[in-house]
Each structure stands twice: as C-alpha cells, then as structure tokens.
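Please open the structure in a viewer and keep the selection tool at hand.

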Amino acid sequence: SQKNPQARAMLVRDWLMKNLAWEEKPQKISPVAALKRKRADSSNYAILACALLRAAQVPAVPLSGFLLTDDGKLIPHLWLEYYLPGLGWIPFDPVLTKGGKPGGFQGKLESDQRYFGNLDNRHIAFSRGYEKDRPRLAGGTVKASGPFWILQDLFEESVNASYTSSWNQPRLVGEILEPQAGDTPR
C-alpha cells in the first residue's frame, strides 16, 4: 500500500487509462453503470476518477465547465482537482490525459499526459464540486433539471407561478487576443 498521495493519484490515473475507455457520445447511465461497461463519457469519466481518488484517500472534487476551441466554440466538459498536502489542489483532466478529443478539441499542452497535473488556458470552469442547495421558498415548486455542466441539484423554484424555462449552452461573446511580437506585457 502506497503512502505517498501523489503516487496513489498516479496509480488511479494509470488504472483509469488502462481499464476505462472513453466515448464521446453522452451516456444516459450512472457512473457505476459506465464502470461496469468499462466505457465512460466525459462526465462519468471525471466522476469515476474522483471516486477512485477518494477511495485511495486522496481528496478530489469535480469541476464542470467548458473547453474553448480555437474557433471560439464552447464544449461542455468535466474534469477534476485532487489535493496534495503542502501543495494544494492539482488539476487533472482524465479524458484529455487519455487522449480523448471532445468535440474535436485540440489541447494546447505538448503532450496529453500533461493534463495530469496541468491545464491549458482553454478550460473555463463553471462550478467546482457538487452544489446541494435547499429550496428557499416555503411551499414552492422546485424544478431540478438542467444541463449536466452545472453540477447543482436545484435550479429554479417558484410559488404559485406557472412557467417554462430552458438552459441554453453559453456562447463566447468576447475576442481572444493573441500577443503580437513587440507587445509590452500589461
């Protein structure tokens, strides 16, 4: 049994890479069912990586958000962070580490293996960890459905109101500026 938490995290990473295939098509199954199939989509892959790290006594938390492509497209995605005493929270994108390319995403690190312990500037986090909210309105109606990338269990609530809503995927409305030769850092 390994005492070093980084070594335990590496063992989890190695086990995942060897034993769990990644599939791009979103699954409508639980992480446990994905593990039994030995095939997981991006969200189940990240959730299973967190669970295995926690089982190995390495604190871990999922992050949800988006991968930003070169042409400004946002791809919903989950990754995680694990905790090392004395260092803090370490990023780990198990899908990109495995070589997966969600939506054709091309990572900016020189090697897929670098996504274990690093992230590029193309990861935009929306939420960290699973947010368990309680209803705030007495006698209210709660709607608890929405996109997987939000990692929350309570999305809307109302009292004596009838309405419909939709959760659209965010879109990038800014411009990515690349530094030009001779630019002065600000």
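The term pLDDT denotes the predictor's confidence in each residue, on a scale from 0 to 100. This is a predicted model, and its protein chain has an average pLDDT of 85, with 79% of the residues scoring at least 70.

**Confidence along the chain**

Begin by colouring the chain by pLDDT. Select strand 5 (residues 88-92), which has the highest mean value among the elements, 98. Then select strand 7 (residues 141-143), where the mean is the lowest, 60. Where pLDDT is low, the predicted coordinates should not be read in detail.

**Helix 1**

Next, select residues 5-19, which form helix 1.

One of its oxygens comes to within 2.7 Å of the backbone nitrogen of glutamine 6.

Which residues of helix 1 are buried? They are Ala7, Arg8, Ala9, Val12, Arg13, Leu16 and Met17.

**The aromatic pairs**

Now display the aromatic side chains. How many aromatic pairs does a search of the whole structure find? The search finds three. Select tyrosine 82 and phenylalanine 116: their ring centres are 5.6 Å apart and their planes meet at 20°, so this pair is stacked. Tyrosine 82 belongs to strand 4, whereas phenylalanine 116 is in the loop between helix 4 and strand 6 (123-128), so the pair ties together parts 34 residues apart in sequence. Tyrosine 82 and phenylalanine 116 are both buried.

Phenylalanine 92 is buried, as is phenylalanine 116. Viewed together, Tyr82, Phe92 and Phe116 make up one aromatic cluster.

**Arginines over rings**

Return to helix 1 and select arginine 13, one of its buried residues. Arginine 13 lies over the face of phenylalanine 116, at 4.5 Å from the ring centre. Finally, select arginine 128 and tryptophan 89. Arginine 128 is placed over the face of tryptophan 89, at 4.6 Å from the ring centre.

Terms used
Residues numbered from 1 in each chain as written. Predicted model: local features only at pLDDT ≥ 70, side-chain atom pairs only at ≥ 80, totals over all residues. Heavy atoms only, no water. Helix = DSSP H or I, 4+ residues; strand = E, 2+ residues; numbered from the N terminus. Expected span 1.5 Å × (residues − 1). Buried < 20%, exposed > 50% of the residue type's maximum accessible area, 1.4 Å probe, protein only. Polar contact = N/O pair within 3.5 Å; in protein donor to acceptor, adjacent residues only side chain to side chain. Phe/Tyr/Trp six-rings, centres within 6.5 Å; stacked < 30°, edge-to-face > 60°. Lys NZ or Arg CZ within 6 Å of the ring centre and 35° of its normal.
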